[in-house]
Amino acid sequence: EEADQVLAIVRPHDHLVASVGIHPDYEAVGREASVEELVCRGADPKIAAIGETGLDYFRLKGNLDWQRERFRVHIRAARTLGKPLIIHTRDAPEDTLRIMREEKAHEVGGVMHCFTESWEVAQQAMALNFFISLSGIVTFKNAAQVHDVAEKMPIDRLMIETDSPFLAPGPHRGKTNEPAWVVHVAQRIADLKGLPLQTVARATMANFERFASVA
């Protein structure tokens, strides 16, 4: 429902793009969006990706067949458009990867957004043509699993984000997050990998441009 508002924000700016989709946390009121509706919305040249979409077994419980079917619909729309996916997965790595394989998500690829799963899951996602995106969580002291992924990730498959307005990075924890603070995400990854900040910045920007085709 907010797609037109988002497009109105990004349309005047060459360096901004948007995505369109229905987050897995939101149960449909009435009927679900169809592949055709998502394709119609996603055909706009300022829409770079479909999503975020995926599975979340942490916030929602019970019969989540509707969530899995919605995920499949989004993948089918992305494949129809030839545009990448932005995938959210929380406490659902096995089903997420299974559906990605069954629906041939590798044909369009995309990004595993705000990634918090294990290195093993990251490797399987990369094998399916997906980038791994790390958020402000990588700056949290107790995020050992995310630190492990950051250290092991090949830099040409890594993206960074803030997930604003949530998950403010270390120096600003407890505050409303904002995109400018992505520098703290990059710095923590640089520290973990023993690389200069600018190396991480250049690589992740290049990766985003490959993902969004805005280069």
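These legends walk through a few close-up views of a predicted model. Residues are numbered from 1 along each chain as its sequence is written, and side-chain values use heavy atoms, with hydrogens and water left out. Local features need pLDDT of at least 70 and side-chain atom pairs count only at pLDDT 80 or more, while totals for chains, interfaces and linings use all residues.

**View 1. Here's the open sheet, with six strands in the order β1-β2-β3-β4-β5-β6.** Strands are DSSP runs of E, at least two residues, and helices are runs of H or I, at least four, both numbered from the N terminus. Two strands pair if DSSP finds at least two bridges between them, and the pairing here is parallel. β1 (18–20) and β6 (158–160) sit at the edges with a single partner strand each, so one side of each has no neighbour in the sheet.

**View 2. Now look at where β3 meets β4.** Three bridges join β3 (residues 85–90) to β4 (residues 110–112), and the two run parallel. Leu85 has Gly110 as its bridge partner in β4.

**View 3. Meet the largest nonpolar core, with 49 residues.** A nonpolar core is a set of buried Ala, Val, Leu, Ile, Met, Phe, Trp, Tyr and Cys residues joined through side-chain atoms within 4.5 Å; buried means under 20% relative accessible area (1.4 Å probe, protein chains only). Leu85, Met100, Phe130, Ile132 and Leu134 touch the most other members. A second, separate core has eight residues, among them Ile86 and Phe131.

How values were computed: Buried means under 20% relative accessible area, exposed over 50%, partly exposed in between (1.4 Å probe, protein chains only).
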